Amino acid sequence: MIINGVAIDATFAEAFPMKATRAIITAQNEKWAMISAQAMTGFATSVIACGCEAGIERVLEPSETPDGRPGVSIMIFAMGGKSLAKQLETRAGQCVLTSPTSALFAGIDGGTRIALGKNLRYFGDGFQVAKLIDGKRYWRIPVMDGEFLAEATTGQVDAVGGGNFLVLAESQPQALAACEAAIEEMRKIPNVIMPFPGGVVRSGSKVGSKYAALGASTNDAFCPTLKGMTKTDLSPEIESVMEIVIDGLTKEDIDKAMRVGIQAVCDLGATNGIKRISAGNYGGKLGPFHFHLQEIMA
Amino acid sequence: MSALTFTLKHQPDQRVDMSPLVCQKLAEMQPAEIAALTLQNGKRKIRVDELFDITGSDAQNIVIKNSFGKLDFIGKELDGGRITVEGDAGAYLGLGMKSGEIEVSGDVGIYAACEMKKGKLIINGNAGDFLGAALPGNKMGMKGGTILVRGNVGERAGDHMRRGNILIEGNAGDYCGSRMTAGTIAVMGQTGKHLGFAMRRGTLLLWNQPQASARFNDCGAHTLAFLPILFASFKKLNSAFANNSAAFSRVQRYAGDMSEMGRGEILVKIS
């Protein structure tokens, strides 16, 4: 399959089951909601070493938030429910509770309930106040700038992590420009995050390493500087490869995000140095969710 | 199906215990069985059809017409369905109600919604003393649900209240929120003496400055983030509380009762 001169490989991205949750951070203005959201989703690019994958889903208008203030929706993904709950609690406690004027609300009403403000309340040292409004429990925790308002729980749901595609280009600037265009479109899709810096990862990995202590190492088949010394997957004109990783609430959400992302890359086309779109998989051994590139773009 | 309607034929001299006439108890009964039920009337029992004309059959929607202030225990432990009272209601309206909705067009007596657990109670007139309170000797008053009073309420509203909302468009009598454990009482009108007496936790939300009390300490003026959410929850009510102009988030906060646990609060609107 070739779209605008860009070859779409007959391969698939391989993804695996995760647990996910969503929270809504509001603040006095969008600037401070975003600062808090960025702190909460920081150092959360990959479960390999961060414990979770997190990202900003989108900015919310005041009319979309529970307290009528500007807000940001964030999502966190982890391999299990326990680790997700732990990550949510520590991040909420250190990054949102501490952030001026912030408030924290559930972003998923159904699912298994996990603690959001439920345990942070103890920071109130006995001065905290619970309010049950319309069946939802909120904690008012006195802090130095006034009160931190946090909903007691949010929902945890089954999700999919590790959807991806690779952008193969003739130069590094062209690969990055294509990924930026893809991310801009993918951020419009609900229920997905792209957890890597700016949504783009330049250090795609393969499973295993020559070093016993490492579970993952550089994906040498796609490293352009190794074209002459490893079993490369790159043709001679490819000078740079970048990857976009997607976590989503459902397979369909990731399908949509991949479609608009790949389309945005293909819109730049071969004339802008984009040669191929490929994907990372492990022969179907890693996860049950397979995203066939040509099916998605059909 | 039309509403199961009880129209009072005459006003008896003695008080009537209406507790058998709730939705869940009448759900499976035939009209003849309902007519043959007996109600305690003073020290004697009378048949339902001796006191009421009965029409309709939908036991989930009960209407009591020509009601007056001696019909006690209307909607006692109501568990689903709706009771509409046209006229006044006596004491213990909605005592311990578990779910459902009761609406009274007139005034109600003492202990309305006492020990209420869930559901909605709307009183279009005035309410007597001990609205949403605990029965004498008990420690737990209203535990959930919403009470809306369009008129005034008597003394000790929310006595021993534990959870839920009491919304009063008019004035509240003395000792409003006394011995409250938690929950919210909102009063648009004036409040009486000894507001929040022995209050442990909970919120008294006021539109007008109450009489000063040595038992509450001024914590200053604040903009509280939970208030917009609280007001948003009132939007579905047909009430002055649902008006956009009623909502505010800037309040003067008083903490107390300092002679008790002192974790309660009086929030007074700052105009």
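Predicted model: local features only at pLDDT ≥ 70, side-chain atom pairs only at ≥ 80, totals over all residues.

Begin by colouring chain A by its domain assignment, which gives domain 1 as residues 2–14 together with 160–296, and domain 2 as residues 19–157. The centres of domain 1 and domain 2 of chain A, taken over C-alpha atoms, are separated by 31 Å. Where these two domains of chain A touch, domain 1 contributes eleven residues and domain 2 contributes twelve residues. If you select the side of domain 1 of chain A that touches domain 2, you will find eight nonpolar residues, one polar residue and two charged residues.

**The largest nonpolar core**

Next, select Ile25(A), Val167(A) and Val265(A), which touch the most other members of the largest nonpolar core, a set of 168 residues. This core takes at least three residues from each of domain 1 and domain 2 of chain A. As background, nonpolar side chains in soluble globular proteins tend to be buried together.

Stay with Val167(A) and show its surroundings: apart from neighbours within four places in sequence, Val167(A) is in contact with Ala175(A), Ala178(A), Cys179(A), Val241(A), Met242(A), Val265(A), Ile274(A) and Ile277(A).

**A pair of crossing helices**

Select helix α3 (residues 172–186) and helix α4 (residues 251–268) of chain A, whose axes come within 8 Å and cross at roughly 140 degrees. The crossing of α3(A) and α4(A) is right-handed.

**Where chain A touches chain B**

Now bring chain B into view and select the contact between the chains, in which 13 residues of chain A meet nine residues of chain B. On the side of chain A, the elements that give two or more residues are β8 (129–133), β9 (136–143) and β10 (146–151). That side of chain A has six nonpolar, two polar and five charged residues.

**Two loop residues of chain A**

Return to chain A and pick Met79(A), which sits in the loop between β5 (71–78) and α2 (81–96). Is Met79(A) exposed, buried or partly exposed? Met79(A) counts as partly exposed because 16 other C-beta atoms lie within 10 Å, whereas a buried residue needs 20 or more. Leaving out neighbours within four places in sequence, Met79(A) is in contact with Met18(A) and Val47(A).

Then move along to Thr101(A), in the loop between α2 and β6 (103–106) of chain A. Phi of Thr101(A) is near 65 degrees, which is positive although the residue is not a glycine. With 17 C-beta neighbours inside 10 Å, Thr101(A) is partly exposed.

**Loops of chain B**

Finally, select the loop between β13 (184–187) and β14 (203–206) of chain B, where you will find Ala198(B) as well as Phe197(B). Ala198(B) has a positive phi of about 60 degrees without being a glycine, and most residues other than glycine have a negative phi. Ala198(B) is partly exposed, with 19 C-beta neighbours inside 10 Å, while Phe197(B) is buried, with 21 such neighbours.

Beyond its neighbours within four places in sequence, Phe197(B) is in contact with Tyr175(B), Ser178(B) and Asp257(B). Phe197(B) and Ser178(B) are 19 residues apart in sequence and 4.5 Å apart in space, C-alpha to C-alpha. The peptide bond from Gly256(B) to Asp257(B) is cis, with omega near -5 degrees.

End the tour at Gln14(B), in the loop between β1 (3–8) and β2 (16–17) of chain B. Gln14(B) is exposed, with 11 C-beta neighbours inside 10 Å, and, neighbours within four places in sequence aside, Gln14(B) is in contact with Asn41(B) and Gly42(B).

Definitions and conventions: Residues numbered from 1 in each chain as written. Chains lettered and ligands numbered in written order. Domains from an automatic or database assignment. Contact = placed C-beta atoms within 7 Å. Nonpolar A, V, L, I, M, F, W, Y, C, P; charged D, E, K, R; others polar. Core = buried A, V, L, I, M, F, W, Y, C linked by C-beta atoms within 7 Å. Buried ≥ 20, exposed ≤ 12 C-beta atoms within 10 Å, placed from the backbone. Helix = DSSP H or I, 4+ residues; strand = E, 2+ residues; numbered from the N terminus. Axes fitted to C-alpha atoms, helices over the stretch in contact; angles between N-to-C directions. Left-handed = near helix turned anticlockwise from the far one by under 90°.
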